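Colleague: Could you take me closely through how the helices pack in this model? Please give the cut-offs as you go.

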Amino acid sequence: MTPRQSFLLLLALIITTFTSVYFLVKYTLPKDVPEDRREWIKFPRSAEDVQHWSILLEDYLKQHYYQVLFVFMTLYISVQAFAIPGSVMLSVLGGALFKLWRGIIIVLFCASFGALCCYTISWYVCHPIVEKYLKKRIQQLSVKIEAKRDQLFFYFAFLRVTPFVPNWFMNVASPHLGISPVIFYFGTLIGVLPNTLVTVQAGVTLAALASPDDFTLLTPENIIMTIVICICLLIPIILHRNSEDPTAETPKPASDEDGLAQV
């Protein structure tokens, strides 16, 4: 498959997926929306958009919980699968709609499974594109991955937590780095946990605020929590490095005297 054919196939997948999502949203969510609130029906890209959706679906969610859940999960997984920006505000919306613990479970699953879909698309559909445009960056990251191959799970989860490598790049590059689907999925599950806790909690808070102007994601508690999780993921890597004894003695070559003695 050439890069051009790969691009056309990817484009067809994106168009088909989001056309289906559009009609799913259109025919599943409430239709009796007041005229002055119709402009609220759009992809959430700000705290104000999330609050509008929370207001729109507050009563509808009580009667059609599983319909709203299905639409939310389908949209979230689709956005993740094609590495489209916007998952942060969808996570906030998950907290606003489904509250804390359910929201965390739902968002964690959607983020991890959507990333796994991106992993699969990258390997089976985008291989020629990746080889042409991302080969050099993947080779640079491959050197670091190979150096931590013995502790790959913890190192991969650490990379997912930190902002050193963009999440979209990790999703696309991982199958080409020899990272197995199992390590990728569960490493992603751990890696997106801090962000999920922060955004879902923020969504719960936002739903109760009178004005979105008071909304913020970066609080001292959230920053401390992220740092603690990063440290916990680094501990196994550091312990493994220290367990290797660099001062181990190598066998000494036999001396001339030893050789004469044997004779």
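Modeller: α7 and α8 are oblique to each other, which here is the class left over once angles under 35 degrees are called roughly parallel, over 145 roughly antiparallel and 65 to 115 roughly perpendicular. Helix α7 covers residues 135-147, and its packing angle with α8 is about 135 degrees, with the two axes 9 Å apart. (Helices are DSSP runs of H or I of at least four residues, numbered from the N terminus; axes are lines fitted to C-alpha atoms over the stretch in contact, and angles run from 0 to 180 degrees between N-to-C directions.) L141, K144 and I145 of α7 touch L152, Y155 and L159 of α8, contact being heavy atoms within 4.5 Å. Five of the residues in this contact of α7 with α8 are nonpolar, none is polar and one is charged. (Ala, Val, Leu, Ile, Met, Phe, Trp, Tyr, Cys and Pro count as nonpolar, Asp, Glu, Lys and Arg as charged, and the others, Gly among them, as polar.)

This is a predicted model, in which local features need pLDDT of at least 70 and side-chain atom pairs count only at pLDDT 80 or more, while totals for chains, interfaces and linings use all residues. Residues are numbered from 1 along each chain as its sequence is written, and side-chain values use heavy atoms, with hydrogens and water left out.

α8 (residues 152-161) also packs on α10 (residues 181-191), at an angle of about 45 degrees and with the axes 8 Å apart. That angle makes α8 oblique to α10. On the α8 side the contact uses L152, F153, F156, A157, R160 and V161, and on the α10 side I183, F184, F186, G187, T188, I190 and G191. Sorted by class, the contact of α8 with α10 holds nine nonpolar residues, three polar and one charged.

L100, G103, I104, V107 and L108 of α5 meet L193, T196, L197, V200, Q201 and V204 of α11. Eight residues of the contact of α5 with α11 are nonpolar and three polar, with no charged ones.

Conventions:
Helices (H or I, at least four residues) and strands (E, at least two) are DSSP runs, numbered from the N terminus.
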